[in-house]
Amino acid sequence: MAWETQGPVANRSGEHLGESDRGIILFRKLLRDQIRAVQNGEDPIGVTRDHKHDEMIRLSPEGYTAFSVAQSG
C-alpha cells in the first residue's frame with residue numbers, strides 16, 4: 001500500500017546528486033541491476049529457489065507462546 005499511495009514516479013533525470021548522495025546513487029544502481037537481471041530471466045538478490053538453502057530463523061524458543069508464559073507466571 002505504501003508504494004501505491006506515494007503518487008506517480010518522479011522524473012529524476014534533472015537531478016544533480018553529489019558525494020553526500022552516494023547511498024541514493026548506489027541504491028538506484030542496485031535496483032536497475034536487479035530489474036535487468038529479472039528481465040534476463042535471472043533471480044534477483046535474495047531469491048533462493050533451492051529448498052536445501054532455506055532456513056528458518058526462530059525468534060522465540062520452540063513451543064513458546066504468550067499463553068504458556070502467562071500460565072507459568
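Modeller: Accessible areas here come from the Shrake-Rupley method with a 1.4 Å probe. The model is predicted, and the accessible surface of the protein comes to about 7300 Å². Carbon and sulfur atoms account for 57% of that surface.

Biologist: What share of the residues in the protein is buried?

Modeller: Buried means under 20% relative accessible area. Among the 73 residues of the protein, buried residues make up 1%.

Biologist: How many helices and strands does the protein have?

Modeller: The secondary structure consists of two helices and zero strands. Helix 1 covers residues 22-39, which is 18 residues. From first C-alpha to last, helix 1 reaches 26 Å, close to the 26 Å expected at 1.5 Å a residue.

Biologist: Which residue with a positive phi follows helix 1?

Modeller: That residue is Gly41, with phi near 85 degrees.

Biologist: Now the salt bridges. How many does a search of the whole structure find?

Modeller: A salt bridge is a side-chain nitrogen of Lys or Arg within 4 Å of a carboxyl oxygen of Asp or Glu. The search finds six. One of the pairs is Glu19 with Arg22, where the closest N and O atoms are 2.5 Å apart. Glu19 is exposed, at 59% relative accessible area, while Arg22 is partly exposed at 47%.

Biologist: Which salt bridges does Asp33 form?

Modeller: Asp33 meets Lys29 in a salt bridge at 2.7 Å, N to O. Both residues lie in helix 1, four residues apart, which is about one turn of the helix. Asp33 also forms a salt bridge with Arg36, with the closest N and O atoms 3.4 Å apart. Asp33 and Arg36 are separated by about one helical turn because they stand three residues apart in helix 1.

Biologist: Where does Arg28 lie, and which residues is Arg28 in contact with, leaving aside its neighbours within four places in sequence?

Modeller: Arg28 is part of helix 1. With those neighbours left aside, Arg28 is in contact with Arg12, Glu15 and Leu17. The side chain of Arg28 also makes a polar contact with the side chain of Glu15, at 2.6 Å. Arg28 counts as partly exposed, because its relative accessibility is 26%.

Conventions. Residues numbered from 1 in each chain as written. Predicted model: local features only at pLDDT ≥ 70, side-chain atom pairs only at ≥ 80, totals over all residues. Heavy atoms only, no water. Buried < 20%, exposed > 50% of the residue type's maximum accessible area, 1.4 Å probe, protein only. Expected span 1.5 Å × (residues − 1). Contact = heavy atoms within 4.5 Å. Polar contact = N/O pair within 3.5 Å; in protein donor to acceptor, adjacent residues only side chain to side chain.
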